[in-house]
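Look over the sequence and the model below before reading on.

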Amino acid sequence: MELLADLPELVDLAREAGHDADARLDRQTLAAADAVLLGADDAWDRVRGWRTGGLRVPVVVVTRTEPPSDRVRLEPVVLLREASATALDRCLQALEAGRPDGVVQLAAGKADLDRSLLRRADGEVIELSALETRLLGYLAARTGRIVEREELQTQVWDHRKAVPTRAVDMAVSRLRKKIETDPRTPACLLTVRNGGYRLLAGAAPVAAAPPAPSLVGRDASLATLASALIPGAVVALVGPPGVGKSSLARAWGATVRAVEVDLTGASDPEGAIGRLAAAVGAKPGEDGDLGHVLGRAEAWVIDGLDDWPVPAARLTHPNARILLVSTRAPAPGTRVIALAPLEPDDAISLLLRRVTEAGGMASADELGPLVDELDRLPLALELAAPAVVALGAEATRLALRSDDLLGLDGSLRAAWERLGEEGRTAWGALATFEGAFIVADARAVLGADPLRGWLELARHQLLAPAAQGHRLLGIVRAFARRQGADRPYLDAHRGHVARRARALVEGLTRTDGARAFTVLVAWRSDLEAALRRALEHGEAEHAVTLAAGLDRVLRNHGTSAERQTLWERVVPVASRATEPHARALFEQAGQWLNRDHARAVEVLERVRELAHAAGAAELESRARLVAADIERRTRGSRYALDLLASAAVPGAERATLHRIEAARHHVGDLLGTASIVDTVRAMEGIFEELLLDGEVWDAMVVGNDIAPRLRVTHFERATVHAERLLALARTLPDPRMLGQALITYAMSQWDAPGVARAEAALDEADALFAAVEPVRTLQVAHTRSLVLLQAGRADEARAGLERTLAWAMQRDYLAIQADARLYLASLELDVGNLPAGLEHAVGAVDVSRRLGDPHFEAHAQLDVALAELFAGRARPARETLQGIDPALFTATSRHAWATRSAVASRLLGEVDPAAEERCWSLAHEQPGRFGEALVEVIAAARSGDLATLDAWTSGRRVAPYVLEIRLAARAWKMTI
């Protein structure tokens, strides 16, 4: 075998192995050689050069370093890790195959090795990892041949020597899942017992690719130019630096054979006219007339007109088509076509192509952020490709902020110098912004009227439109920062963003909350930048305000981990302030609300202390209100009432005071100290007042508490109320509020058709919470169980309630445990499973005692008594009922207590007329359809009407809270 080598020691090695060897590496000898041995540092660069030139000579690279990531594109190449004759012979045997064609036909489809993609026969496109691409390429080059694991380890895994490992087998298994139709019975990537692997593949026919367009994504712009440039027309093509104006102009010029002239650097009319004349071999007229010059060509492309040394009005001729190229628009009177950056897909395609041509590898996902950073400017993308090959996409993106990797600072400096003092000042001030801004933002940071400077930047195409105003192009902003032009304005920017964040957060709960949230999301990058600087400078007030705004964004567009990290960064700095510290802890309490209730209450108490010390009445009241809600959920209503008694701090906002008043009514009803009708009436008034004040968010909170009471008092109104809440929630930016409204709506549906509507609403709520607050999917599941329970679908309801109970027991959430056990007790008693019903009722009593909540305990004792009644043990049931204080109940529960007491007496043969009358009277006091149904059940029991009682117990009759009515009917039926 005839070998070539680039180092003397490699020539000696080849001869020692018995091969003819030479050190002459010219193209003629390379074309005739069987293989080449390379050992110099530039080995890989030389191979790339040969492959680019079409030379496919096999290469052995003697190396102790890691090979490049694009080695699969340089095949046929193998690695020689130790300089011995035996190892060289093994490498030459492994080198007998070359690199396969770019596309390989496999069982499941076609693998594109150049793009690391597999296009399956069903149309699905699957990405191959770099390792999978190398492995597949190596095996495909040796299709049909057995390739040992040891060879794969050294030539694909780059191990210095074969070692015992399962890495090859595992990688083959992963690859099979992608390239095989059925990985369990592989058809193309086969295992050879005690041998290795063999790939059965064929080169797929590759259709000839259409010629690449000279300009990516500019077909429409080129067509616009062609239609606008008719004889006699003058068009100015303008756009920011790097947008591709010159390339597009040259492309149009090539189609019409235009004369191209670059006037860059021509600062006076005489010099510019001289260049135009010289381009067509003419002499400029003595009076500066350009007519005879421009008339010598049918079309012109005149570039470099950034300073407009010649007035646009003079650059016209009736028979010529003239395209002027500049970063800024000419004086009025010339048609202007502004060239925008590329579309995202086109920009990624352009950069991906250039990276590939430079010998690098990247995916569209990797390049996306970099493309955005470069504002999709073609020139910037072209210049970024080598940096991506050398550094990778993410490192290039980060480096661009501090280094002139693209070499564009020269052209940007020219733009800087063309601006006047006001333009440069505005440029520096606006460079503090990460995202979009409006004139008012510029004024706040600059501290003066920015209009003149703003217009200068706009005329030079340095501003770009954005969804929420305008923004500086990324390379323009980075240039200004590298010059330090933004430094005088950083403090002003930080203060302005903090004030803006506070106003937007406050606006979230008002009628225009959706708009405020949209703006807040658009400001995310500025919030993050300003927060970073505030933390660096230890500015507690700004840090907390900015973190509060960023937290609201992350609730819907981030993760719980991001929010937790945010507050872990902020709270240490905030501890040096008073009210801002309280605000920080208040926001942080939200992190723990559904995770660690005790921690949340502890944080909120610290908030209250700090707010009180700072005289921050609103914050102190809100902290008490939130803490009361947590206490109600975890320890019981009695504890919540104690907190609410002192929550209304004078000076708090009207909306907060309304919320506290509504919460008092809510808890009072739960404790049975207020009439449900009076509670509903009072809370409806508060709800309407909040809406009139534009406090939609607070109104929604109150409205959700009204809904379950309306189900008892006026069911038709409850449905209308729930629909109204849902419509309001869809106007708010907070998906959690929408999720709660959907839950409320689901609970307002009680008839058979309504169950389907309820489940659809809960499906939507589940999807919302899964995205923004996964822990609340439990609430959705719990609500679904209650809906199914009311609908008589006991098995499904039981499964959901048991999941809720297991979740609450795992986290020791006592209130949720008690609630789930109470519903499970009622369900089991309704279906006749008395042991399970009694077990859950007793369990609810135990949990309620741990809670220290007599309200929960009284309800649990009601179910214990009912289980005893159904089991025929009337005396223990009556004793249990006599031990309960009826004052602990709401009106509905008081009726249940009276019913079970009357039934127990009847079963003992001790009919108590007073108890019977109390039960009858309480039934009449129940408003709406619920009360009507109870009256019907008691009347049926009095008259011995078994048919009516059977209709209720069998589920043939339907009403709101039908489970409670069925249980009452079942109890009364025992007395007949």
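Does E421 count as buried or exposed? This is a predicted model, and in it E421 has 54% relative accessibility. Because exposed means over 50%, E421 counts as exposed.

E421 has a charged partner, R424, and the two form a salt bridge in which the closest N and O atoms are 3.5 Å apart. Both residues belong to helix α17, which covers residues 421-430. They are 3 residues apart, or about one turn of the helix. R424 has 22% relative accessibility and therefore counts as partly exposed.

Another salt bridge joins the side chains of D698 and R622, with 3.1 Å from N to O. Here the partners come from two helices: D698 is in α32 (residues 696-713), while R622 is in α28 (residues 617-634). They are 76 residues apart in sequence, so the pair ties together those two parts. How accessible are these two residues? D698 has 1% relative accessibility and so counts as buried. R622, at 16%, also counts as buried, because the cut-off for buried is under 20%.

A further pair is R793 and E759, whose side chains meet in a salt bridge of 3.3 Å, N to O. This pair links distant parts of the chain, 34 residues apart. R793 is in the loop between α36 (777-790) and α37 (794-811), and E759 is in helix α35 (residues 752-772). With 28% relative accessibility, R793 counts as partly exposed. The pair also belongs to a network: salt bridges with shared partners join E759, D763, R784, R793 and E796. Over the whole structure, a search finds 39 salt bridges.

The nonpolar residues come next. Which members of the largest nonpolar core touch the most other members? They are L225, W252, L351, L374, W427, L430 and L527, in a core of 95 residues. Helix α24 (residues 540-557) supplies the largest share of this core, 8 residues.

Apart from neighbours within four places in sequence, its contacts include L222, L225, A226 and L229. W252 is also in contact with A258, A299, W300, V301 and L323.

Note on methods:
Residues numbered from 1 in each chain as written. Predicted model: local features only at pLDDT ≥ 70, side-chain atom pairs only at ≥ 80, totals over all residues. Heavy atoms only, no water. Core = buried A, V, L, I, M, F, W, Y, C linked by side-chain atoms within 4.5 Å. Buried < 20%, exposed > 50% of the residue type's maximum accessible area, 1.4 Å probe, protein only. Helix = DSSP H or I, 4+ residues; strand = E, 2+ residues; numbered from the N terminus. Contact = heavy atoms within 4.5 Å. Salt bridge = Lys/Arg side-chain N within 4 Å of Asp/Glu carboxyl O.
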